[in-house]
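Reader: I should like to learn how to read the features of this model. Where should we begin?

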Amino acid sequence: MNRKVYLFALLLILAAAASISAKVVHGGHTVSSEYSRHLWRINMTMNITGKGSRAKVRLTLPRDNARQTIYNEHFENDEMVFYVRERPDTNRIGFWRSELLDGRKTLQYTFSAQLKSLMYDIPKDAHLSVEPFKTYPVDFHRWLEPSEFIQSKDVIIRRHLKKAIGREKNTAAVIRKLFDFVRGQVRYRSEKGSKDAKETLKKLTADCGGQARLFCALSRAAGIPSRLAGGIILTGGTKNTTHVWVENYVAGKWIPFDVVNDHYASIPNHYLELYRGDYYLFKYVGLSKFEYFFFIDVENMPPVDNRWSLYALPIHFQAFAKVLLLIPMGALVVAFCRSVIGIPTYGTFGPILLALAFQEISLQMGIFFLSVVVLTGWVLRKILDHLKILVIPRMAIILTMVVIAVLAMMVVGSYFGAKNIFYISLFPMIIITWIIERFSVTQSEDGTLAAFQTSLGTIAVAAAVYYVIRMHAVRIYLFAFPEILLIIMALLLVLGRYTGIRVMELWRFRELNRLKGKTSL
Amino acid sequence: MICLNPKKKFGLLGMNHRNGWYTLIRNPRRLYPLVDDKLKTKECLESHQLPSPELYFSINHNFELKFLREIKFLKEFVIKPARGAEGRGILVLVDKVGTQWKKASGELLSMDDIEYHVSNILAGLYSLGGLDDQAFIEYRVRSHVAFRAVAFQGVPDIRVILYRGVPLMCMLRLPTKESDGKANLHQGAVGAGLNMLEGITMGGVHHSLLIDRHPDTQVPIAGLKVPFWESMLETAAKTYEVFKMGYIGIDFVIDQILGPLILELNARPGLSIQLANREGLLPRLRAVDAYGAGVEELSWERRLEISREMLHKTSSFKKETKA
């Protein structure tokens, strides 16, 4: 019997190991010949303070493109409403909303990025178009027309364009001349709030934004579709500066140019693109304070480029998948606690559900609510026992009272200004309320003492599950390699044939030790 | 100091080991309903001429509650849920006082109280999975005089663990004030280990503490001779031929008039019996297994012999004979 079980467990582990190693070796873009790739883990933290009104924050989110792959995205929404807007030809934008925002919130967006450096050759035979609006299709017109800060039709811009390029018609030569013109004329100075193209030309000092706008305006004036691109230059550590560069459309390709850091027709592997166009990374309304930081670190795990992997799911389904994956992990912890330690719990699923609830509202809040619910149920049960009510209606009455107690807590909390009580979502409340049924059943089956013991056991095991599933590594690896579930199953199989003494049984049969002297077995 | 490997040292059988090796393997799934439902057990026992307390009538549905009025002709009886576990939901009424009945503890119950109790049983309050249940009313067993000194407001019973048809280990379970007249160790009853050769009690256990005296009466527990000992072991061995479960606990009561009666069977007998006997189950289980396959097929006489041989082989009895 045991041989068969161990063999089966071994098979499961081997299958999982094979699948995981196949993914690591052959999965993903990582096996391609690209040598200068970089993996980064970026965390954007926004500390926002509301002013007691409706608030909205928008953040442009990075997209996959020829040289960057975004994976393992994770959002911490701090109970704000969150959604992602993805449309094909605009930036990808995350929105956080709250109908009433009072006090401080922390929003976090964490993701991994795999970046490549790219070098472009500008074809030598390309020439400037005489009538660019006819040459390029309609959706390129917005990259040719002047915009608010890129005044490409302005007389001064046009005059400087003439001065810079003369009669040159070759596109490559024109871009080189414009690039050298901006680099030669404009001095870099870090400043608050970027200048527009005209202002840059007038003052001849600007930060990356001003220089990029000037280069962009000159390019557009010359009839080359040109746009800004914004992002972060990744270096380990904490920063809150962003960077802006330019992309020009030449011979069917968008080619990057960074005037400030002198990257001509190339982009290094630590440039993360967050948005395209003359755009802001953040926008917000209804806030009295807004702070942001980027925490940048190195990521070790490459993305898994497999249409059958969980990364292929839409991002909000990824969140579901992440929670689902935690359930077997929790079940393993529960099985261990029950079979090896011997802690009584309300079923297998009970502690897992509680741990998931604790995860949404904090552990302390969860235990506090749970205590209130259990105590209400217990007191009520004592009262109802005198009235001799049938089992099911009695349970329903207890449930109703628990709901009343929870509502009362909310009203009282609101009266005393504890607003955070409202951020508890429905799901954890239902789980916690459900515990009362299990408590009640155990109470009538095994007595009040056993019911309290089992409740305590359930909370303890739920806390253990909570700490395990909160581990970052557990989440990341389970999601990247769901094969780990097979390993969990293998462990459970082995656990299922564990016939040793439970830790609690050592306590239960402790008195046997008194006999040590009497019988020498 | 807590011994870290009681399995090796005392041959202690743990919960995991019992479930994984004994109940899961030896007890066929399809027989569980027969054992878990006391009404079915009773019918089965009666049809095989095995002694059990007489069934008066059963109440299977809520609308049958009106039949409960029949109890007004009864002076003493027991109400039990068919699928209650660990002695839950058992109501013992020992006397009739006017229109009320007296519980073993002396508490008086009216017809309404009893009806409420029965409807709770029917709603599944005491059943294993909370499923709808049946209630039945049966003969109240009167404790044998031999136990008068130690029994406190209730009927002591004798738990026999039968492994592959061989009586393996026994204990006498004594109700206490705490257990409310019930003989379940969980609920605070006292378990007393039994010398299986003689049917004489040894020390006791109360809530996993070893004791020598009954907690309520302070009477010494050891040295009590259980009457009808041999015939009880015989009945136990015969029971295997009806219920082919390899690892089972049989609960006997000894009635003043009717002698040993099988009260119920338990397919997952508890492990505290090891504390009561101050001995682990594993050596005995292994001794029985040493007889090889086919122990089940032997006649009950031969299985009783095996039981005695096994007792002589296992350690504690060896030591006694040495001393």
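Reader: Which residues of helix 4 of chain B are buried?

Author: A residue is buried if 20 or more other C-beta atoms lie within 10 Å of its own, exposed if 12 or fewer, and partly exposed in between, with C-beta atoms placed from the backbone. In helix 4 of chain B, residues 38-47, the buried residues are K38(B), T41(B), K42(B) and L45(B). They lie on the same side of helix 4 of chain B because they cover an arc of only 100 degrees around the axis. The arc is that of the directions from the helix axis to the C-beta atoms. Just after helix 4 of chain B, Q49(B) has a positive phi of about 55 degrees.

Reader: What conventions and confidence limits apply here?

Author: This is a predicted model, in which local features need pLDDT of at least 70 and side-chain atom pairs count only at pLDDT 80 or more, while totals for chains, interfaces and linings use all residues. Residues are numbered from 1 along each chain as its sequence is written, and chains are lettered from A and ligands numbered from 1 in the order in which they are written. The pLDDT is the predictor's confidence in each residue, from 0 to 100. Chain A has a mean pLDDT of 84, with 92% of its residues at 70 or more.

Reader: Where in chain A is confidence lowest, and where highest?

Author: Where pLDDT is low, the predicted coordinates should not be read in detail. In chain A, helix 11 (residues 426-446) has the lowest confidence, at a mean of 79, and helix 14 (residues 484-496) the highest, at 93. Residues 28-36 of chain A stay under 50 in pLDDT, and the model has 14 contacts for them beyond four places in sequence. Residues 517-521 of chain A are also below 50, with 6 contacts in the model beyond near neighbours in sequence. Two residues are in contact if their C-beta atoms, placed from the backbone, lie within 7 Å.

Reader: How many helices and strands do chain A and chain B have?

Author: Chain A comes to 15 helices and 16 strands, and chain B to 10 helices and 13 strands. Buried residues make up 34% of the 521 residues in chain A, and 46% of the 323 residues of chain B. For contacts between residues at least 6 apart in sequence, 76% in chain A join residues at least 24 apart; in chain B the figure is 61%.

Reader: How should the strand order of a sheet be read?

Author: Two strands pair if DSSP finds at least two bridges between them. In chain B, an open sheet of 6 strands has the order 1-6-2-3-4-5, with antiparallel pairing. Strand 1 and strand 5 (108-109) of chain B stand at the edges with a single partner strand each, so one side of each has no neighbour in the sheet. Strand 1 of chain B is joined to the antiparallel strand 6 (residues 135-138) of chain B by 4 bridges, and F57(B) stands opposite I137(B) in strand 6 of chain B.

Reader: What is the order of the open sheet of 5 strands in chain A?

Author: The order is 12-11-10-8-14, with antiparallel pairing. Its edges are strand 12 (263-264) and strand 14 (271-276) of chain A, each with a single partner strand, so one side of each is left without a neighbour in the sheet. Between strand 10 (residues 243-250) and strand 11 (residues 253-258) of chain A, which run antiparallel, there are 5 bridges. The bridge partner of E247(A) in strand 11 of chain A is P256(A).

Reader: How many residues does each chain bring to the contact between chain A and chain B?

Author: Chain A brings 27 residues and chain B 32 residues. Helix 10 (391-415), helix 11 and helix 15 (503-508) of chain A each supply at least two residues of the side of chain A that touches chain B. Helix 15 of chain A gives the largest share of that side, 4 residues.
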